Protein chains: 2
Amino acid sequence: MTAPLDASDRRLIEALQDDSRQSLTDLAARIHLGLSATRARLLALEERGVLTGYRTEVDPAALGYTLRAVVRMKVHGALYDKVKSVLDRTPQIVRCLRVTGESCYVLEVVAVDMNDLSAITSELARVGSVTTDLVYETLVDRPVPPRL
Amino acid sequence: MTAPLDASDRRLIEALQDDSRQSLTDLAARIHLGLSATRARLLALEERGVLTGYRTEVDPAALGYTLRAVVRMKVHGALYDKVKSVLDRTPQIVRCLRVTGESCYVLEVVAVDMNDLSAITSELARVGSVTTDLVYETLVDRPVPPRL
DNA sequence: TAGTCTGCCGCAGAATATGCGGCCTAGGTG
DNA sequence: CACCTAGGCCGCATATTCTGCGGCAGACTA
C-alpha cells in the first residue's frame, strides 16, 4: 500500500488476470505503454505484493474429478491442530476458510467419486461436525476486480 | 479425455500451477523434456481443454478489499434469471456455486468495508433469503491436484 | 521385413526480454 | 526566474526464448 494503483496498473492487472502467460510485448500494447515501462510496473507490483503469483486454470473433470462439494464444519476450538493436519494431508481440499457464524470452517473439496468424497468427509468428521453440499455447477469464478 | 495424462503431463501441470509465467525453457528443464516436446504437450493440453487459462493471483488487501464473506442464499426456483442478473452486475461476487441442500447457492464476496458488504448482501436479499459469514482467514487455497 | 505412427530432439530464423542510457515533466529551492 | 532533482517513460543493443520445421528411434502391424 505504499502507493495507490493508477489506471495503467489496473489495466495491467486486468490483462494478467485475463491471460497471465501473454508476453510483455502484448501486455505493453494492451496498456498503451512501452515495453520498459510495462516491465517496471510489473516488477513493482510483484515487489509490493499486489501480484502474488501466476496460476493455471485446470478443468477438474479432465483430471478425473467428477464431484465437487462445499463442506461446512463446526469444531471445538481446542482441535485446531487436528484441523490443520487434515488440511495438510488432503490435497483434494482445494479451499478452506475460517469464518464467523455457526460453521467455523467452510471448505471446498474435489473428489473422483462418491467413495472418495465419503473418505474425505469421514476424515473431516473426526475433528468436527460436518455438513456436505454437492455442487451442481459453478456460476461464477472471477478474479478479484482491481477497482478502488 | 481422449488420452490419459502421463507423468510428464502431470509434472507440466504442477509446474504451471506453481508459476504459469515461467518460460517454456524453464518448464522443459523442470519436466525433463526438450523444448519442442514440452511445447507440444502444453499445446495439446490446451487443445484438449485440460488447461483452461492462466490467471494472476492478486492480494485483495492491496486492492483495498478489507473484507471477505461467504454468503449462502436460498431462492425459489422461478427467480433464477434474477439471480443471474445480480451475479452479472456485481463484480465483488468472485465465486458462486449452485449446490444441493438447504442453501441453493453459496457465494464468496469481497468488499472494501461494511457498507459495501451491506450493499451487496442487500441486493442478494432481494432475490432470496441470505446468510452471511465473514471470513477470518484463508487457510487453504490450492489448485486442483493433478493426480488420478 | 517393410511400412506407418507417435513422440522426441535439435536447429535456424523470428520474436521477446533484459539492462542501461537518455529525455521529459513536475515539484521543490535559492 | 533559473536551476536542480526525482520519477517515469522511451528506445536501443544484446541476450534469451519461441516457432516451425526436418529427422530419428521405438512400437505396432501386416
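Author: Begin with a term: a cavity is a set of grid points where a 1.4 Å probe fits but cannot get out. The model examined here is predicted.

Reader: How many cavities of 30 Å³ or more does a search of the whole structure find?

Author: A cavity counts here if its volume is 30 Å³ or more. With that cut-off, the search of the whole structure finds one.

Reader: Which strands each supply at least two residues of the lining of the largest cavity?

Author: The largest cavity holds about 120 Å³ of space. Its lining includes A:V70, A:R95, B:V70 and B:R95, and by class it has eight nonpolar, no polar and four charged residues. The strands that each supply at least two lining residues are β3 (93-99) and β4 (105-111) of chain A, together with β3 (93-99) and β4 (105-111) of chain B.

Reader: Which residues lie nearest the centre of the largest pocket?

Author: The largest pocket has about 1,200 Å³ of space. Its lining divides into 21 nonpolar, 10 polar and 18 charged residues. Of the 49 lining residues, those nearest the centre are A:R95, A:D141, B:E57, B:R95 and B:D141.

Terms used:
Residues numbered from 1 in each chain as written. Chains lettered and ligands numbered in written order. Predicted model: local features only at pLDDT ≥ 70, side-chain atom pairs only at ≥ 80, totals over all residues. Heavy atoms only, no water. 1 Å grid on protein atoms, 1.4 Å probe; cavity = no way out; pocket = protein on both sides within 12 Å on 5 of 7 lines; lining within 4 Å. Points joined across faces, edges and corners; volume = space filled by probe spheres on them. Nonpolar A, V, L, I, M, F, W, Y, C, P; charged D, E, K, R; others polar. Helix = DSSP H or I, 4+ residues; strand = E, 2+ residues; numbered from the N terminus.
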